[in-house]
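Please look through the sequence and the structure below before reading on. The report that follows takes up a few features in turn.

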Amino acid sequence: MADPNTPDNALETPDVLNTLENETAPAEAGALGRIINAAGSVFAFCFVVSMAVLIYEIVLRHLFDAPTLWAHETTTFLCASGFIFGGLFSASRNKHIRVVIIYDYVSSKVKRWLDIGIYITCAISTGFFSYAAWLVVKRAIFTPGGELRFETSGSAWNPPTPALLKMFLLAVLVVMTVQFIVFAIAHIRGKASPNGSGSNGSGSNKASPENA
């Protein structure tokens, strides 16, 4: 959370932008966090590819009067994949949204226990969401008779993107559950600084003139 006294353009200085570009998952995220962080570049590229597909579609549609059947659904699939992975990416960097009305005013010891409770709660929640996602995936990839058949979009192109996105969401939720458990264990062992009190903190950190 930025300091209200910090000028708006202070967050756009080259030093800050360079810091954001070089930012990575905190140490307490473990090897899993580093893997997720590395995969982020791949999924970020999905938006670049989707932009290229849209430009291609516009050129064909308006200059050659030859629109494609696959451009719209391809860009939807790519962007949806990027957004789904974005939640996991934010969690691995410990940048998920949190309410800090009480958190910012307690001691480091209390923050540590709050962090443990937060991560355990998040792990339980994403665990339940994973189970719910699996129920959705079963209906998307199996017929009532048990045969494998992916759910399709129902369009003229009719790709199996709905089923693929539901399976990807399930995988992301499972990995997110594990990531929250990794964070909780790191805080229980005292190997992580409380969020907001160090460089590995979450978005609750307040900017100072030195790092703004």
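Does C46 count as buried or exposed? The answer is that C46 counts as buried, because its relative accessibility is 13%, and the cut-off for a buried residue is under 20%. This structure is a predicted model, so the values in this report should be read as computed from that prediction.

The structure holds zero disulfides. C46 takes part in no disulfide, and the nearest cysteine sulfur to it, which belongs to C79, lies 8.2 Å away.

## The chain as a whole

The chain has five helices and zero strands, and from the N terminus on its elements run α-α-α-α-α. Of the 212 residues of the chain, 33% count as buried, while the accessible surface comes to about 12900 Å², with 67% of this surface belonging to carbon and sulfur atoms.

Among the contacts in the chain with a separation of 6 or more, 68% are accounted for by residues 24 or more positions apart.

## Helix α4 and its cover

Helix α4 covers residues 108–141, and its 34 residues, at 1.5 Å a residue, should span 50 Å; the C-alpha atoms at its ends are 47 Å apart, which agrees with that expectation.

Several residues of α4 are buried, among them K111, D115, I116, Y119 and A123, as well as T126, S130, A133, V137, A140 and I141. What covers the buried residues of α4 includes α5, which is made up of residues 161–188.

## A nonpolar patch on the surface

A nonpolar patch on the surface is formed by F45, V48, M51, I55, V59, L63 and F64, which together have about 720 Å² of accessible area. One of these residues, L63, lies in helix α2, which runs over residues 30–63. L63 counts as exposed because its relative accessibility is 65%, and the cut-off for an exposed residue is over 50%.

Note on methods: Residues numbered from 1 in each chain as written. Predicted model: local features only at pLDDT ≥ 70, side-chain atom pairs only at ≥ 80, totals over all residues. Heavy atoms only, no water. Patch = residues over 30% accessible without salt bridge, like charges linked within 9 Å, V, L, I, M, F, W, Y side chains within 5 Å. Areas by Shrake-Rupley, 256 points an atom, 1.4 Å probe, with all protein chains shown as cover. Salt bridge = Lys/Arg side-chain N within 4 Å of Asp/Glu carboxyl O. Helix = DSSP H or I, 4+ residues; strand = E, 2+ residues; numbered from the N terminus. Buried < 20%, exposed > 50% of the residue type's maximum accessible area, 1.4 Å probe, protein only. Disulfide = S-S within 2.5 Å. Expected span 1.5 Å × (residues − 1). Contact = heavy atoms within 4.5 Å.
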